[in-house]
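Visitor: Please take a close look at the aromatic rings in this model, and at how they pair.

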Amino acid sequence: MTLSEHRPASREELPGDEDVFEPTAAQRKQLLYRRDGLLRPPAPAVDADAVAVRAQACAEFYGQAIERLRTRDPRPVRVLSEAPGAIGELPMEVAAALLSTRIDVPSRATPAQRRQATADVAALLDHWWAVRGPVFAVEAALRAVTDPLWEASRYYPDSEYAMVRAALGGLRNRLASCPDEEMPAIIALLDGFRGVSRPARAAGSFLLPSQREWVSADIEEAVTAEDARACRLLVDAASTPAQLQRLNWVFHGWAPVEGVALCDGDSAIAVIDGAGFDTVAVFETWFDHWETGLPLRKAIAQALAVIPTDAAFLALAGRTGHPPAMVAVREAAKRFPRRALRLFDPARHTDLLREHLAGHLDLARSMAAELPSATVGLIEAEGRRAESAQGAAAVAPDLLRDPPWTTRIRTEPVVVEGLTPPPGVDVGWLPADPKDWRGLMAFGSPELVDQAVLWLDRRSYRAVALNYLRRHARFVAQRLIPRALGAAAKERRSAERVLRLLADHGYGDEIRGAAVEYGAPTAAAVDAMLGVDPLTLLPSRIPVVPDWINVTALPLVRTRDGAPLSETALHNLLVMLMLADVGRPYAGAARAGELCDPATLADLAWELFAQWQRSGAPARHDWVYEALEAYGNDDTVAALLEHVRANRSDRRSVTVLDAFVAIGSDAALLALKFISEKVKTTRVRQGARERIEAVADRMGLSADQLADRLVPDLGLRADGAIELDFGPRRFVVGFDEQLRPIIATADGQRVKTLPRPGAGDDAEQAALAHKTFAKLKKDARAIAADQIKRLERAMATNRRFTLDEVRNLFIAHPLRWHITRRLVWGVYHGETLERTFRVAEDRTFADSGDEALTLPADATLGLAHPVQFADEVPAWSELFADYELLQPFPQLDREIFTVPAELRGARSIPSDGTKIDSTRFLGLPGRGWSPIENTDGAHIMVFDKPLPRGGYLQVDAHPGLMAWDPRANPEQTFDAGLVPGPGSGGSHLTFADLDAVTASEVLRDIAWLKAGTL
């Protein structure tokens, strides 16, 4: 068989632009070529003089080479020179030993040392190729990586493979482009080495994979012997998908399924070059395998992105839930725009398709006849958007036409020499501070100030750092003013930034006061520094808009009077967004926000965030978070909430939470509250709680008090109803104890559902009424689920309210009112319940005898727990029955428990062997327990419930629920125990430490669990 007979079509021979296989420049750089591959190898470009110098420099390793030769291949008759002489004239055995020494880099070597070793190997081989010929270079390489000079690792075959691949890769590329007339001698050499050992055969096939018969035989031998190193090398030599699948079985791990033979992402393009486009199915297997790590998955996706076939594109399009595939399919769409239009699913890939259409609208219109109707609809919508953008004259407000960086005048900073911070530390202890290591926040020291300054640029630590700097603002100013006025540019910029940040947070007086201590010149310089126009605070180098932003797909941004921004203005707006510091948008972005329509800016910020996500969320462009904070609105909040819920395992989901705080609307804070209670990932849930507490603290409220103030009224009247107008007919909607809508006619007659419009109704008004009712029902359902659980939790956790809070937040609230009047409340003195009452229909108070009750203005109120008024429960039950008041959750008929004597001093309740249905545990989150999380990635064994005074009730299930199927282990036993909370000082928590309400609730939950007996 000749070369032309088995070489696949090269790019020069493929028809059509979208049928060309052309890897990226980065992939070409990684590629190991072959003589029979899809891609023609380039001619080698070698600087002979530079190579000779570097090769000769390897003489410093001659001693190590001689020692390797003596210890690994001892021969009594051998005479070795103690001096290396010319490297190009070394005997074969010494040359091979020197090469082996440089390939076999110690595991403790630094990255720089590894790079130097790889460069040395390349120089040696290139030099010997030039002065001794290709046969000498190939033989030296083979000897270097086989016995006896090379001792194969039993435990780290992948590391060994990486070293050999890096060493021999350049030589393989030289062989791929070697003239045909030189090949017979090389083939004969390699053929002779095939009788030496299996590693020699595998290395020969790696170097010359065009010898397909060798490769096929070597794969079978290596797979049979389960030789991992040989199999890794042969992945780079395979020429068919079947061979790759055969190699997979060596790496099956503990499961009897195909493993992943590919371990180096650099090999992905070499695999395609050798085995062709039919490897797509193998790449899919590798991509989907649970052992495939993120770097390898990225390389696989990037390789699929350059294969010019529908199968490769669909492989990526079907995996857009994985970030590497999402990034790669965007690149594939740019490379193959026609294919993308044909193969993107308009339902599944709507955002990708819209983005793609924005840059290929004319092409899409020309292909409309062959595209799905849904895609055609998107084409028409994009066409209308484009026409709208062109319909009005674009404008560029002054700020966006001539941005500050085009007109800035560089001035020399004011330097005040000889400033020394005063000695000592600062103490800012607050009553609520914990008395453990976290109390470090209370102490100001130079070292902690420096650490806090560094942490300002780390999103995960920024809140802690800012809190610390604000707490010790004057002390921080004393430390940083000498740097802010010093001559060292880097320290000065950092100190200035922190001082300006503190001034923006209201600590300007503390900073100026600290400056006065250094004297009048310093005070004047600091005052001038704080008074600088923030628009002029620019980096020395203005950022460039990155390629991942598809500018044509960005939504149209309009000015406040409706005119679209020009291309120049939009570009400058993007640059302003990129100038943000972590947690602090550039001042120009805020000024631009005053000039532009807020809704279009919110759309822009969200599209930037979405494109950033689709591009793999490159960390150096995380300024998109600040864009969301600067321009986000309630629509952004809804989209971000869905994003967090869908990506709760992504560590960046915690960072997104800052955008909710910055947007600051009721909807944003409600979303944060939802995340803090419902999202199943602890770090995200905890992050949301911390942010809610911070917002509440700034408002002087607790997190629960803040949540009470965020309940929407849904546009209801004061009596808790709303009227829906059909024209001649009207309907009144109220709510029952579960906040389910109750519909009545204008004369009070109940109807089951809102009727359809009749012939006599006003069609437009009736349609609006139905739309209003649908939204009302949806919103009320969401609020009901939250409010009922929150009020039940308030009862179970002994939460207290002022009389004003109950009147204003519950009784006066048109929706909450429906729940409030169906519960028994209590007046408390300390922990003691003094009396019970309810809220009557006229919104006054009445006791269990239905007598009017007047409460003092300073009364402390709470939802009474039946364990506190057991003697009055019958009277209240009779009264509620008389008034036909149904309760939103069990209160009067709630089971109550007291701690038995044998448990009073105990910390745990051991298992009694009762078999519990595994699904019973899944109901715990609905009873106020923490959301369920995997204990070890595979099992769910630990469940916990926070207790109102700190600590947890923890239940351990045995043997535990399987994470992928909680019903897989249907029989469970459990034991329960009390766990002290943080800051308890290690003291034990017993059942005797629990108040009556908490004890009753704990024992009630345990009894509920046991009721799930099989």
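Guide: What follows goes through the ring pairs and then the charges placed over rings. The model is a predicted one. A pair of aromatic rings is described by the distance of the centres and the angle of the planes. With a cut-off of 6.5 Å between ring centres, the count is 18 aromatic pairs. One of them joins phenylalanine 609 and tryptophan 612, with centres 6.1 Å apart and planes at 40°, which makes the pair tilted. Phenylalanine 609 and tryptophan 612 both belong to helix H32 (residues 598-614), and because they are three residues apart there, about one helical turn separates them. Both residues are buried. A second example is the pair of phenylalanine 801 and tryptophan 825, where the centres are 6.0 Å apart and the angle between the planes is 65°, an edge-to-face arrangement. This pair links distant parts of the chain, 24 residues apart: phenylalanine 801 is in strand E7 (residues 801-802) and tryptophan 825 in strand E8 (residues 825-829). Phenylalanine 801 has a relative accessibility of 2%, so it counts as buried. Tryptophan 825 is buried as well, because its relative accessible area is 0%.

Ring pairs also build a cluster, made up of Trp606, Phe609, Trp612 and Tyr625.

Turning to charges over rings, arginine 800 lies over the face of tyrosine 828, 3.6 Å from the ring centre. Arginine 920 is placed over the face of tryptophan 1008, at 4.0 Å from the ring centre.

Methods
Residues are numbered from 1 along each chain as its sequence is written. This is a predicted model: local features need pLDDT of at least 70, side-chain atom pairs count only at pLDDT 80 or more; totals for chains, interfaces and linings use all residues. Side-chain values use heavy atoms; hydrogens and water are left out. Rings of Phe, Tyr and Trp (its six-membered ring) pair if their centres lie within 6.5 Å; planes under 30 degrees apart count as stacked, over 60 as edge-to-face and the rest as tilted. Helices (H or I, at least four residues) and strands (E, at least two) are DSSP runs, numbered from the N terminus. Buried means under 20% relative accessible area, exposed over 50%, partly exposed in between (1.4 Å probe, protein chains only). A charge sits over a ring if NZ of Lys or CZ of Arg is within 6 Å of the ring centre and within 35 degrees of the ring normal.
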